[in-house]
Every structure is written in C-alpha cells, then in structure tokens.
Protein chains: 2
Amino acid sequence: MKHKSITSTIRTPFNRLDIKNGRVELVHGSGGRASAQLIEMLFKTHFDNDLLAQNNDQALFAVDAGRLVMTTDSYVVSPLFFPGGDIGSLAVHGTVNDLAMGGAVPLYLSVAFILEEGLALKVLEKIVISMARAATEAGVKIITGDTKVVERGKGDGVYISSTGIGRVPSAVNFSGDQAQPGDAIILSGSLGDHGIAIMSHRENLQFETQIVSDSASLADLVACMIEVVPGIRCLRDPTRGGLATTLNELAQQSRVGMLIHENTLPIKPQVSAACELLGLDPLYVANEGKLVCICDPNDARKLLSVMRQHPLGQDASIIGRVLADEHAFVQMETLLGGYRMVDWLSGEQLPRIC
Amino acid sequence: MKHKSITSTIRTPFNRLDIKNGRVELVHGSGGRASAQLIEMLFKTHFDNDLLAQNNDQALFAVDAGRLVMTTDSYVVSPLFFPGGDIGSLAVHGTVNDLAMGGAVPLYLSVAFILEEGLALKVLEKIVISMARAATEAGVKIITGDTKVVERGKGDGVYISSTGIGRVPSAVNFSGDQAQPGDAIILSGSLGDHGIAIMSHRENLQFETQIVSDSASLADLVACMIEVVPGIRCLRDPTRGGLATTLNELAQQSRVGMLIHENTLPIKPQVSAACELLGLDPLYVANEGKLVCICDPNDARKLLSVMRQHPLGQDASIIGRVLADEHAFVQMETLLGGYRMVDWLSGEQLPRIC
C-alpha cells in the first residue's frame, strides 16, 4: 500500500496511532489496516497536497512539452539527527539539489521509507515534519511514497530513498562533459561543513563554535544564476567524495585538466581544526549545500556577483580554471606556492555521511 | 556519486572489481574510486542505455505535452532469491505494475541500492542482471541510480528502492474512486502465488508441484485491455494485503460496496494446500503479477476475452460486482452459499514479502 489517504466521512476504519508512546511494528509494513493508519496519521497529514490526495498507487500530473530530469538517492546517514538537519531534510535537499544541478526547476518528489521495527513513532514524526518543511521551502511536492518495515537488527532506525523530477528551462543545457579549457571554476561557499558536523557529532567533539551542516536546497540559488547566465557549462554539488572527487568526475567527463588554488578555498576555522584533529582532508569531505559551477570566463564575474547576493552563495569564489590536459588531471597550487595532484577519493573517509 | 559511466580512452583510473570472489565493502559507498568501479562494472554494464550514459547526477529526457504518473516502492523481500524471481526482478515488476495500474505506458525507472557490507559481489551481479532483463522485457529503461553501503548488521544483503514514471494515453482516466454500483469486478488470475512461493521457500515446505511466484510485468496486458476498453474505471494490483485489502481500498475510495463469489476465485491446489498448512487466508496473501479491474458491466465480456488471450490473463474471471453501500463493505458469497464480511488485513500476515 502506498502513501495515499483513505478517509471517509461515512466510515473510518482506522484507529488512531499512539504517536507519543508507540513504536514501529512489523504490522505497519503489512499493507493492511496498520499501514493505512501510519499513512493517514503521519505521511498524509504532513505531506498533504492535491496530488498525494489522489489516493492511488501512483500520482498523476500534467506536463508541458519540454525536457525533464529524474534523479534518485538513498539516505542512510547516521546519526538520524545532527546539527543543522536530519535524515528527512537531507533526503529532500539532496534530491532537490541533484535536480537543480541539472538546471531544473524541481517539481515533484517520491519518498520510500525502510523502517526498523522498534523505531519510536515520535522520532519518525519528527523526521516526516522536517521533510515536509524542507519540501515546502524548496517548492516541491511529495506526491507518492511507500513504507516497508524490517525486523530489529536488519536496519538502523530509518532509511529513506527519495526520487525527484524537475523541468529544465529551454535555454538551459548543463552537462558534466562541457567544461572547456579556459573556463572558470566557481565554488559557492565553505568546504566540509556537512561531513565535519556529522563526524564531530559522532565523535562527540566540542568546539567553541558549533559546526553545523550546510544541508540546504540550492534550487533558488541556481534559478538566480540561470537568470543572469543561462549558458553555464556545468553545475555539480560536491557531496560524497567532496570537492576533489567532483572535480575529478567533471575533468574525466569533459576530458580536460583543472587547476585550483588552495588560497581561494573557503574553509571555516573550526572545520579546519576538526579536520586536523580527525585526520581528514577537507577537499574530500562531503558538502550538502554547496555547488561547483564551471562557466565561460567572461561570465564568471556576473555569476559571482549574483551568487554573493544570495544567502547560500555569500562566500562564493573563483577557485581555479579549466586546462587543456589529455590526462584529465586535477592539480592544486598550495598555500606555499607548490603544486600537488588532487586525486579521486580512494578509501572510505566517512561512512554513512548521507 | 550516482550511477553514471566514467570511462575514458585516455585514462582509466578504476581497477577491475573481483566480482567472482569479492564482497561489498563500506568503501563502495564512499563516492570515490571504489564506488566508481562498482558503477562502471556492474550497473553501467548491465543497465546500459543512452540516458544512463549521460553520466550526470540526473538523467535528462524530452516529453510531449500530456499526463505522466510517478510511483515508488522499496523492496526488502527475504529471501533475496525465490522460485519465480528475486528482489531485482520484483523491484522492476512491482514499479512497472504500479505505473500500468494508472493506465500508463512505463517509460523510465530509477533504482537506489542499500547494500550491506559483506554481500558477495556475485550475488549483487545476479540481482543486477535480473533487473536489467526484467526492465528490457517490460520495455523500460533504468536511467539513474544510487548506491549506499551500511555496516554489517544494519541491513540484510540488499534493499532496493525503485521509482518509475510513465505516460498516460489521452483516452485513459483510471482512478480508484470511480467504481460505480453495477460495475463488474474482474481478477486476472490465480490468488496467492507470490506470497505462498516466498513462505514455502522460507519454511522449506515441499509440494509435488513447486509453487512459483507470479512476479511479472503487467504493462503489456494492460495495454491490450486499454486497446479494447479505454474507459476502464480502475485497475489495481493486489500486492501486500492481498485481494481483500485491495477491494477494501477501492470500496472505501469510491464509497461503494462489493460482493464477490468464492467459487469464481482461481486458487491453485498447491497454494490452497499451503495456505491451509500455514494458516493463511489466500484472500490476504500478496500477488505480484495479478490485477483487479473494475469496469462497466457492458465492457466486462470484451475485457475478459482479450485478457484470456494474454499469457498473464489466461485464468481471468469475473469475480463479483460493485454494490451501492454507504458502509463500503466488501462481502463474499462463500462456497456454501452463505455470506461473510471481507475486512481489511488487520495483522501482519507475511512480513517482508516484497
């Protein structure tokens, strides 16, 4: 049974859930009466919109002729709640951002929950409310969903898979294979905030200033950027694997090299300190509210100016440029003026970061 | 990192996976080099298509003006392999069927994997190959995906979330709220095969004839049905919760009653025997390749005839009719000529059946 409302003024066959004291049981995944209760009282109540209210196993919507994008991600972040967000807001932001990186206006999300038996219903409610708020803020509707329950010890509270679709404006044509030698590389803000917020929380590290995840929807920032420069070459969000991996992906896809300058990379002092303590390189740490933009050098100043006027792009800077390089190497000029290779992430730096 | 290809004739920074002897490690979910290997050698190889080959974090495609449907499901079935299918084919069939039940021509799927550390790569490969085959057979492309890895004991081998989108032909307008008193209720074939195949396998029950899951794509059957009767009122597949729950959902949504006749319900003898042994009621057992169709009584014979000509509808029969009933009760005339209420599934009959 999907997330659909089954209400009736005539007969209401569903008892109320005890959200305050109750826990997820296997029966909530049965497809029967208990599943319907869960859907009615949690998902339908908080995700409420006209498409979800169709109450079918699929949501129907009209589209104009044009181009759409589709993207999906599972979220297994641990812990479920962290400074600056939780698995629910992260699942919305992450999927919305992958739509935005395709130049799309996010439209609709689907969400599928894998719940572990024993999860407190009030924890699930908190996550659902957080998702609903994040979706509203990002201007997307959660239009269909699904819930499964697995036995204790076969999950870890909640896993969420969210899939999004968005509409691409006709002037937009972003792709990772369009970087050209001479192009500018812009980063929208500070590096490593999400990964270090999670790790500090896990390791119980205390800093004078709390490190907060940057998890946020980038859709509005991208819309502002497209308005001034529709012809951006590519956008990508440096999530798992961090900036280093994202740049290597783009270099590989476009068959170009890249040179970035360490002194242009915005890194917060407390993030830098935590990285040192944890033995992590901020170039490889996940971000959840940042983007890399590759553009014609003549468009760079215009983009930088509009990005800096946006709350999520205040610290945007040009961090380097694209080079002709058949080896697709990414290099960095260090603070000391030397050069080092910036390779793909080759180990597991931070498990279950998103 | 999403399921995208990162190949280059210039530089191939990815070593080969040892699929024969290797296991899933946390590093395969890192977003770095090991993730890229997994994507390249497993997902990209087997799901290969032009949209996946765009290699971005989202897949871009053109649409005509019209109506689309979107649906999502997670699959947590245990065991991963069962007579008649596996979690991979099930994830494709289940999502394709939810599109087809909306009257849609299935177009694209996304798939998100949550892998447990330690899973044998050859098991994962087998599942991926099965998904690829099921997608080809159903005429859909798997165009984007994601992989996460959780620690041992935080998952159960593989969980898959698949999301589909499909295009609804202009003459089609199915919805669960359109059943009208007097309408015919058609069932496409035998009840309980999927649930009982899983349970027999779990419980190690032996029968003279092996019970095989009915897991199959219903998209072609639905296309044949729409061709003769575009004005079907509603279709739904009786999965978790079985026929009883599906009929109650539709009755509730349309605010009508239903009467079905036990002597018209096709149930295989070995399924019936297994149900008796396991203490299960076949009305509540999950199906994964069956549909319930509600239609104008004048269309019923025409639909039945076209369904019976299709391999997946050979045993189709009219099982009852829709009644005016403000209580939205579903009733069954039993083999003995009495009447019993057919209520929603109220407990957990079969955990992790899909």
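How many residues of chain B are in contact with chain A? In this predicted model, 93 residues of chain B are in contact (heavy atoms within 4.5 Å) with 93 residues of chain A. Residues are numbered from 1 along each chain as its sequence is written, and chains are lettered from A in the order in which they are written. Local features need pLDDT of at least 70, side-chain atom pairs count only at pLDDT 80 or more, and totals for chains, interfaces and linings use all residues, while side-chain values use heavy atoms, without hydrogens and water.

The area buried between the two chains is about 7700 Å². Buried area is the accessible area (1.4 Å probe) that two parts lose on being put together, summed over both. Carbon and sulfur atoms give 53% of this area.

Ten salt bridges (a side-chain nitrogen of Lys or Arg within 4 Å of a carboxyl oxygen of Asp or Glu) are counted between chain B and chain A. One joins B:Arg352 to A:Glu151, with the closest N and O atoms 2.7 Å apart.

Several elements of chain B each supply at least two residues of the side that touches chain A, including β1 (59-63), β2 (66-75), α2 (87-101) and α6 (242-254). Helices (H or I, at least four residues) and strands (E, at least two) are DSSP runs, numbered from the N terminus. β2(B) gives the most, with nine residues. The residues of this side of chain B divide into 35 nonpolar, 35 polar and 23 charged.

β2(B) also pairs with strand β1 (residues 59-63) of chain A. Pairing requires at least two bridges found by DSSP. Here the sense is antiparallel, over five bridges. In β2(B), B:Arg67 is the bridge partner of A:Ala62.

Key:
Ala, Val, Leu, Ile, Met, Phe, Trp, Tyr, Cys and Pro count as nonpolar, Asp, Glu, Lys and Arg as charged, and the others, Gly among them, as polar.
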